[in-house]
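Please open the model in your viewer and keep the selection panel handy. We will go from stop to stop, picking out a few residues or elements each time.

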Amino acid sequence: MKAFIYSFQSVFRSLWHEKWINLLTILSVSIGLSLVTAFIMLTINMDSVIQRWAKNFGLVVYLKANVSSAEETSLKNLFSQDDDIIEIKYISKELALKELRATLGANELILEGLNENPLPSSYELTLKSNLLDPERVKRKASLIEHMSGVEEVQYGEKWLSSLYTISKAMKAVTIIVGGAIFIAIAFMTYSTIKIFFYRRKDEIETLKLLGATRIFIRLPFLLEGLIIGLLGGIISSLAIFGIYSFTSLKVIEFLPSVRLFMTSFPFQVYIIVPLAGAVVSVIGSLIAVGKIRY
Amino acid sequence: MIEFSNVTKYYEDDVVFKDVTFTIDKGELAFITGPSGAGKTTLLKLIYCDERPDKGQIVVAGWDIGKLKQKTIPYLRRNVGIVFQDFRLLSNRTVFDNVALALRIHYMNASTIKEDVTAVLKEVKLGHKANTYPQHLSGGEQQRVVIARAMVSKPTVLLADEPTGNLDIDNSQIIMGLFREINARGTTVLIATHNQELFHGTGRRVFFIKDHSIEKEGIG
Ligand SMILES: Nc1ncnc2c1ncn2[C@@H]1O[C@H](COP(=O)(O)OP(=O)(O)O)[C@@H](O)[C@H]1O
Ligand SMILES: [Mg+2]
């Protein structure tokens, strides 16, 4: 505790004495953090849009023409017992035909010559959206295809796998870009603290000879890094809050579709960003100060 | 208090000490002498663990130097006050702050520090220079600041490296007087000097470094 009070005095002296280089570092850190946040929020929002699209995604299970009503019931029971299936919709032959007629509209006459309904009855199944891994859907589909009374299972295979790929690619890009920016933030604090450390090299040598412990020597630098990261994070939080408020108030007025991309904006972001800044900056400072040898 | 047993020290391939054995007793004030380059500074560095022996054993105030871990070195040094040959005063700190540093590293509270530093500055006759920066002091005054910093934490051992290096006789006498006082309070004092005048007639033990060993010990 005493160590902290002592170091704080030294830190405030340094923060004030080197205010320009500190301010520059704080601003760079806040820009970096804002970029990461923007990226992550974009990914989360895009992902939620994709998830919403995917909600409408389902399997269409076409039944055999000669399917018995017992078979239909047993299929329905199997589906409702399956936890992965959240919605079951039964489309009878008649309903299918009606829908077809509706779709065709004026061209309905094409169907005029039919004396028998050629359409099969079917089940439309909606799957849990977190199960939209194409491989899993494929497995589920072939499982259902082997059930008795089932003729064929169809689903938007291509569409699903491209959505899935986009979602995965976006996450990967975010992780890579976010990681790179975090490293950049750590490096910015690292170089600033390294400069301070070198400037005070003689003083540190003397302190070591007088009997200063490692923690006494290191703590001021780590605290300075912590404050840089924290302030950078707070500035970034304020900026994010400002931009978010501005866009949600103004832009949505003119561009309602923007709301689509701002579905979720948890308030925790305003706490996590400064914390992330602090942690990354302290890591940078730790590396800058390095090992202290007597 | 300070015990060397068969200590050998090399710098790269150059031998500085070969099989050196000597003891300085608790409460003693002793001198170590020899020509420039003989190894006086190195010997002091071995004591405060700035250099490590290549062979042999060194025990200081009960600490076996050879067995010290990196992180325990500071605790040894807190028992050893050092008057550096090159002073090592911080030019961006006042005299007061330079001396206070030796207590701040112990996380001592501000009021105790103020008391102790003020007292010790008065003792070295620099009470009126507390707020001056070291580079505005004369050589003799700077030397006294260094001594004040070394003694303020009341160490068990005080080491002084050429403490009268380029001072006139008057200033040298003042400084020797300070060492005698510190010693009279129970601190073991070891002074390294090439200047024979310093120990002539003191009646204290003198260790002569010659040919990489302590050749003889005599009375000054
Ligand atoms: N860090 C070092 N690296 C290599 N050689 C050194 C180092 N320090 C001192 N020496 C050499 O060791 C010898 C003893 O030096 P020193 O202890 O400074 O002697 P003194 O203080 O008696 O003048 C000298 O020859 C010097 O050049
Ligand atoms: Mg020397």
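A residue counts as buried when its relative accessible area is under 20%. Keep that cut-off in mind for the first selection, and remember throughout that this is a predicted model.

**Stop 1: a glutamate in chain A**

Select A:Glu203, which sits in helix H7 (residues 201–210) of chain A. Is A:Glu203 buried or exposed? Its relative accessible area is 7%, so A:Glu203 is buried. Now show its surroundings: leaving aside residues up to four places away in sequence, A:Glu203 touches B:Leu90, B:Asn92 and B:Arg93.

**Stop 2: the sheet of chain A**

Stay in chain A and colour the strands. Four of them make an open sheet in the order S2-S3-S1-S4, with antiparallel pairing. Which strands stand at the edges? They are S2 (85–91) and S4 (150–154) of chain A; each has a single partner strand, so one side of each has no neighbour in the sheet. Ignoring direction, neighbouring strands here are turned by 20° against each other on average.

Zoom in on S2(A) and strand S3 (residues 122–127) of chain A, which run antiparallel and are joined by six bridges. For a landmark, select A:Ile88, which stands opposite A:Leu125 in S3(A).

**Stop 3: two helices in chain A**

H5(A) lies across strand S1 (58–63), S3 and S4 of chain A, and runs at about 165° to S4(A).

Then bring in helix H6 (residues 157–199) of chain A. Its axis and that of H5 (residues 134–145) of chain A come within 9 Å and cross at roughly 150°. Angles over 145 degrees count as roughly antiparallel, and H5(A) and H6(A) are therefore roughly antiparallel to each other. To see the contact, select A:Pro134, A:Val137 and A:Lys138 on H5(A), together with A:Glu157, A:Leu160, A:Ser161 and A:Tyr164 on H6(A). Sorted by class, this contact of H5(A) with H6(A) has four nonpolar, one polar and two charged residues.

**Stop 4: the sheet of chain B**

Move over to chain B, where four strands form an open sheet in the order S2-S1-S4-S5, paired antiparallel. Here S2 (14–24) and S5 (63–64) of chain B are at the edges; each has a single partner strand, so one side of each is left without a neighbour in the sheet. Strand S1 (residues 2–11) of chain B pairs with S2(B) in the antiparallel sense over seven bridges. Select B:Ile2 and you will find it opposite B:Ile24 in S2(B). Helix H1 (residues 40–47) of chain B packs on this sheet, touching S1, S2 and strand S4 (55–60) of chain B, and its direction makes about 120° with that of S1(B).

**Stop 5**

Most residues other than glycine have a negative phi. B:Asn6, in strand S1 of chain B, has a positive phi near 50°. B:Asn6 counts as partly exposed, at 42% relative accessibility. B:Ala61 lies in the loop between S4 and S5 of chain B, and its phi is also positive, near 50°. The relative accessible area of B:Ala61 is 27%, which makes it partly exposed.

**Stop 6: the nonpolar cores**

Finally, which residues have the most contacts inside the largest nonpolar core? In this core of 98 residues they are B:Phe4, B:Leu43, B:Leu121, B:Phe179 and B:Leu190. Helix H3 (residues 95–104) of chain B gives the largest share, seven residues. Another core, of 17 residues, lies apart from it and includes A:Leu125, A:Ile144, A:Val150 and A:Tyr155.

Notes:
Residues numbered from 1 in each chain as written. Chains lettered and ligands numbered in written order. Predicted model: local features only at pLDDT ≥ 70, side-chain atom pairs only at ≥ 80, totals over all residues. Heavy atoms only, no water. Axes fitted to C-alpha atoms, helices over the stretch in contact; angles between N-to-C directions. Parallel < 35°, antiparallel > 145°, perpendicular 65-115°, else oblique. Contact = heavy atoms within 4.5 Å. Nonpolar A, V, L, I, M, F, W, Y, C, P; charged D, E, K, R; others polar. Core = buried A, V, L, I, M, F, W, Y, C linked by side-chain atoms within 4.5 Å. Buried < 20%, exposed > 50% of the residue type's maximum accessible area, 1.4 Å probe, protein only. Pairing = 2+ DSSP bridges.
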